[in-house]
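This briefing goes through one protein chain by topic, from overall composition to single residues.

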Amino acid sequence: MASELHKRNLALETAISDSKFDDDGRPKRTGTLMTASAHIITAVIGSGVLSLAWAIAQLGWIAGPMALMIFSFITGFTSSLLADCYRCSTTGRRNYTYMEVVKSNLGEMNCKLCGLAQYVNLVGTTIGYTITASLSMVAIKRSNCFHNEGHDAGCHISNNMYMIIFAIAEIILSQIPNFHELSGLSILAAIMSFAYSSIGLGLAIAKMTERGNHVTTSLTGVAIGVDVTSTEKIWSSLQAIGNIAFAYAYSIVLVEIQDTLKSSPPENKVMKRASFVGVSITTIFYMLCGTLGYAAFGDKAPGNFLTGFGFYEPFWLVDFANMCIVVHLVGAYQVFCQPIFTTVENWCCHKWPESGFVTKGHPITFPSCGVCYVNMFRVIWRTVYVILTAVIAMLFPFFNSVIGLLGAIAFWPLTVYFPVEMYISRAKIRKFSITWMWLQVMSWTCLIVTLLAAAGSIQGLVKDLQTYKPFSSAS
């Protein structure tokens, strides 16, 4: 009887243990198709959507929508390849980060190259989001000024104070321990992205139907000899391609998003569905925002159509749209910086396992929240990181050029090259077979496009820097 009771107690303890932990000993993951889709939409529909009207104005009615569809297809396809790499093909062990996935499939050297590309882009994206959020906050202030003083008023306002405000908010939110605690913030951010995209669409449609709104559009975009020189046309077109590539950049956090999913149904199947949902919804919004924005503004489309004041009225709706952008970017910043925080903190814990400063949590009681454990290293390191990104954003506050360069840097290595090479390795595809050849053609074509887009964005940055004084940015 005692033996039977012991067995039952042991079975109960095992069931409780199994209910709290996954197969790798970590707390049980609770992510679903909805939360993964929300993370993806939060990561994808970001500041990139605001530049699409300008990008299509540079490329025209044919190349602009075509570029959107091509980047959409490539991102969706390679994301499905990457989703299959989350677990090791031989042992079934989980890979928690993009770098671990690459190391497991392609070895140490490729892992280091992946880490360089991924973290440069993650840092760059958080800088880009700081710039964009400050522009939207300034746009709210300027919108009210134009409403009160008239559309011809200068209403020039420094961006720096608003970058500092954004940084303070991110310092507080950066104390969220890990990616698994972000699902609520991501769902809110995804709702905000739909809100401001929808408002932008509505305002663009209203402007199109406005009496006396005569704009110039064409199949090939801005006209050479009228709007730009032939050289400027080439550079701006390349920069526009970089902007579109950036608009689809979420592969850098795909593995981290997949690591939040429940193990049943299988994570790769749920992630593929979430990627399809996220990329499909994103593409519909991008196509509408880009084409309707171009139709509304023509070849004079602003680089950011909600902060570039293509719209003045109704001023309260413009204000609300920009506030939605700020809230969305507050969440998106966290989606992109959490992998950086986790990597640095894990490395430091491994390097100094005996250090209480690095590993120990101090219990602090917060009203209505209970006891929270605060790690001093995490507080200091994350605060310093956010401050550094804000300072760099103040030094280089160039929206379109920065967005284009980030898209170019990340697109080929992280969205195309590594997923394709890992698929070839896992599927043991023979060299020079039909499948191998078309995958390589796609990869090399994307590399050439990436290099050209990077060149266009660098030229734009150089042009901006010629007339810019550090820390004197104003809208």
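Of the 475 residues in the protein chain, 52% are buried. The model is a predicted one. Its chain holds 15 helices and two strands.

**Overall composition**

- The protein chain exposes about 21500 Å², and carbon and sulfur atoms supply 68% of that area.
- Among contacts in the protein chain with a separation of 6 or more, 82% are between residues 24 or more positions apart.

**Helix H5**

- Helix H5 covers residues 108-149, which is 42 residues.
- From its first C-alpha to its last, H5 reaches 60 Å, close to the 62 Å expected at 1.5 Å a residue.
- Thr125 is located in H5, and it counts as buried because its relative accessible area is 1%, below the 20% cut-off.
- Apart from neighbours within four places in sequence, the contacts of Thr125 are Phe246, Phe336 and Leu406.

**Helix H8**

- Helix H8 is made of 18 residues, 230-247.
- The distance from the first C-alpha of H8 to its last is 26 Å, close to the 26 Å expected at 1.5 Å a residue.
- Phe246, a contact of Thr125, is one of the buried residues of H8.
- The buried residues of H8 also include Lys233, Ser236, Ser237, Leu238, Gln239 and Ala240.
- Further along H8, the buried set includes Gly242, Asn243, Ile244, Ala245 and Ala247.

- Met161, Ile164, Ile165, Ile168 and Ile172 form a nonpolar patch on the surface.
- Together these five residues have about 470 Å² of accessible area.
- Ile172 belongs to helix H6, residues 160-173.
- Ile172 counts as exposed because its relative accessibility is 61%, over the 50% cut-off.
- An α-helix has 3.6 residues a turn, so residues three or four places apart point the same way.

**Loop between H9 and H10**

- Thr260 sits in the loop between helix H9 (254-258) and helix H10 (267-297).
- With a relative accessibility of 6%, Thr260 counts as buried.
- Thr260 and Ala36 are 224 residues apart along the chain, yet their C-alpha atoms are separated by 7.8 Å.

**Loop between H14 and H15**

- Lys428 lies in the loop between helix H14 (399-427) and helix H15 (434-465).
- Although Lys428 is not a glycine, its phi is positive, at about 55°.
- Lys428 counts as exposed, at 69% relative accessibility.
- Phe432 is found in the loop between H14 and H15.
- The phi of Phe432 is near 70°, a positive value in a residue other than glycine.
- Phe432 has a relative accessibility of 61% and therefore counts as exposed.

**Cysteines**

- A search of the whole structure for disulfides finds zero.
- Cys348 is in no disulfide, and the nearest cysteine sulfur, that of Cys349, is 7.2 Å away.
- Cys348 counts as buried, at 7% relative accessibility.
- Cys349 is partly exposed, with a relative accessible area of 31%.

Technical notes
Residues are numbered from 1 along each chain as its sequence is written. This is a predicted model: local features need pLDDT of at least 70, side-chain atom pairs count only at pLDDT 80 or more; totals for chains, interfaces and linings use all residues. Side-chain values use heavy atoms; hydrogens and water are left out. Patches are made of residues with over 30% relative accessible area and no salt bridge: like charges are joined within 9 Å, nonpolar side chains (Val, Leu, Ile, Met, Phe, Trp, Tyr) within 5 Å. Accessible areas come from the Shrake-Rupley method with a 1.4 Å probe; for residues, only the protein chains shown count as cover. A salt bridge is a side-chain nitrogen of Lys or Arg within 4 Å of a carboxyl oxygen of Asp or Glu. Helices (H or I, at least four residues) and strands (E, at least two) are DSSP runs, numbered from the N terminus. Buried means under 20% relative accessible area, exposed over 50%, partly exposed in between (1.4 Å probe, protein chains only). The expected span of a helix is 1.5 Å times one less than its number of residues. A disulfide is a pair of cysteine sulfur atoms within 2.5 Å. Contact means heavy atoms within 4.5 Å.
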